[in-house]
Structures are given as structure tokens and as C-alpha cells.
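Subject: Structure handover

Hello,

Please find the structure below. My notes on what was found in it follow.

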Amino acid sequence: MIEIREAAKSQAAEIARLIMMAMTTDCCLYFCGEGYGLEDFREMMTLLVEREDSQYSYQNTLVAMDADRVVGISVSYDGGRLHQLRRAFVEAAKAHIGKDHSAMDDETQAGELYLDSLAVLPAYRRKGIARKLLLATKQRADRLGLPCVGLLVDKANPVGEALYASVGFRYINDSQWGGHPMKHLVL
């Protein structure tokens with residue numbers, strides 16, 4: 001039986017791996033400076049998950065658990081806090097992956113709980129876990145007093161878009177992020 005609950009700091013390494021799965025290998029490598037690779041990125045992301053002042057913090061993460069194994073994650077935060085939370089990523093990227101991301105585009109704004117990362121281990125997919133994580137994320141938005149959950153989905157990801165639509169996300173507008181054409185959806 002899969003249980004959705006708040007993440008613990010001790011799960012940082014597992015959470016970081018799943019965030020990287022959500023980001024895709026190409027995206028992770030895009031963020032790395034010359035001479036840095038996926039292992040450097042993973043180490044940085046693990047440190048960011050362990051922090052409390054990072055957009056990727058364990059405090060911003062819901063985990064799907066199969067007994068004592070993390071099999072899925074939903075990382076979300078108040079969009080109005082993006083710049084404050086992103087500082088940790090910008091500082092860590094300079095120190096751990098040799099690249100300055102201080103001029104990065106905004107992917108969210110105030111008024112939404114921004115769903116930054118959603119991932120489920122391949123062996124656990126197509127079992128309704130992503131749906132449970134999405135619904136739990138909406139409940140989190142309600143508890144925080146935020147009117148909606150927002151996300152960006154790559155226009156080249158119709159499977160992801162169909163999943164979001166199946167739980168009630170609706171299209172708001174087109175966006176660009178990380179050099180990719182995206183759709184902004186809200187629930």
C-alpha cells in the first residue's frame with residue numbers, strides 16, 4: 001500500500017535522484033558548467049534537499065512510500081517565495097557545478113503553489129501514484145491558503161499533460177523556461 005506523507009531530511013538522497021528524473025538528464029547537464037556532470041549535480045541537489053531555505057527542500061516535498069522506500073515525490077512551494085528560495089540553488093550551482101544561474105527565468109509567481117518536480121520510479125508507474133501525489137499537493141495548497149497549484153509542462157510532453165488534465169489541471173497560457181516551450185497549467 002502506497003502512503004503519501006511529508007518528506008524527512010534523511011530521505012534527501014532518494015528525493016534528489018527523483019528530482020533529477022523529473023528534470024531529465026539533458027536538463028541536469030544543461031545546468032552544469034564545463035567539466036561538471038551528473039554526479040556533481042546529484043551531490044548538489046542532495047545538499048539542496050537537506051536545506052530548509054531551498055526550493056528543493058525536504059520541507060517542500062511530499063513522498064510516496066512503499067513501506068520504507070521512497071517511490072515518488074512532489075516538490076512544491078509558494079510561488080511568491082521563488083526568488084528567496086532560488087538563492088540557495090544559485091549559490092550552490094556556482095560552488096558545486098561551476099555555473100551562474102542568477103539570471104534564470106521565473107517559472108512561477110505569487111498566488112500559486114508551484115509544482116516544481118513530480119516523479120515516480122519506473123517500476124511504480126501506471127499505478128495511480130502520480131495522481132495521489134497531485135491530489136495531495138492540491139490539499140497542501142489548500143492548507144497553505146493558496147488558491148491553486150500551478151506547473152509548467154513541456155509542450156513536447158503530451159503524456160504528462162494528459163495526466164495533469166485527468167486530475168483537473170487547466171491551461172492558462174504559454175510560457176518559456178530553460179529554452180523549452182511550455183504550457184502553464186493550474187488546478
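Which residues touch the most other members of the largest nonpolar core? They are F41 and M45, in a core of 63 residues. A nonpolar core here is a set of buried Ala, Val, Leu, Ile, Met, Phe, Trp, Tyr and Cys residues joined through side-chain atoms within 4.5 Å. Buried means under 20% relative accessible area, exposed means over 50%, and partly exposed is in between (1.4 Å probe, protein chains only). Helix α1 gives the most to this core, with seven residues. Leaving aside neighbours within four places in sequence, F41 is in contact (heavy atoms within 4.5 Å) with M20, M23, C28, F31, C32 and I97.

Before the rest, some notes on reading the model. It is a predicted model, in which local features need pLDDT of at least 70 and side-chain atom pairs count only at pLDDT 80 or more, while totals for chains, interfaces and linings use all residues. Residues are numbered from 1 along each chain as its sequence is written, and side-chain values use heavy atoms, with hydrogens and water left out.

The sheet

Helices (H or I, at least four residues) and strands (E, at least two) are DSSP runs, numbered from the N terminus. Two strands pair if DSSP finds at least two bridges between them. Seven strands form an open sheet with mixed pairing, in the order β1-β2-β3-β4-β5-β7-β6. At the edges stand β1 (2-6) and β6 (170-177); each has a single partner strand, so one side of each is left without a neighbour in the sheet. On average, neighbouring strands of this sheet are turned by 30° against each other, direction ignored. For such angles, axes are lines fitted to C-alpha atoms, for helices over the stretch in contact, and angles run from 0 to 180 degrees between N-to-C directions.

Within the sheet, β2 (residues 61-66) pairs with β3 (residues 69-78) in the antiparallel sense, over six bridges. L62 has S74 in β3 as its bridge partner.

Helix α1 (residues 12-23) lies across β2, β3 and β4 (113-120), and runs at about 70° to β3. Helix α5 (residues 129-144) packs on the sheet and touches β1, β2, β3, β4 and β5 (149-154); the direction of α5 makes about 160° with that of β4.

Salt bridges

Side chains of opposite charge can pair when their charged atoms come close. The rule used here asks for a side-chain nitrogen of Lys or Arg within 4 Å of a carboxyl oxygen of Asp or Glu. By this rule the model has nine salt bridges.

One of them joins the side chains of R143 and E6, at 3.6 Å from N to O. R143 belongs to helix α5 and E6 to strand β1, so the pair ties together parts that are 137 residues apart in sequence. R143 counts as exposed at 57% relative accessibility, and E6 is partly exposed at 43%.

R86 takes part in two salt bridges, one with D106 (3.5 Å, N to O) and one with E107 (2.3 Å, N to O). R86 lies in helix α4 (residues 82-96), whereas D106 is in the loop between α4 and β4, 20 residues apart. E107 is in the loop between α4 and β4 too, 21 residues apart from R86. Are these residues buried or exposed? R86 and E107 are both buried, with R86 at a relative accessible area of 6%. D106 is partly exposed, at 40%. Shared partners join R86, D106 and E107 into one network.

Single residues

A93 also lies in helix α4. At 0% relative accessibility, A93 counts as buried. Not counting residues up to four places away in sequence, A93 touches M44, G98, K99 and H101. The C-alpha atoms of A93 and G160 are separated by 28 Å, and these two residues are 67 residues apart along the chain.

Most residues other than glycine have a negative phi. T24, not a glycine, has a positive phi of about 80°. T24 sits in the loop between α1 and α2 (25-31) and is partly exposed, at 40% relative accessibility. R126, also not a glycine, has a positive phi of about 65°. R126 sits in the loop between β4 and α5 and counts as exposed, at 85% relative accessibility.

Regards
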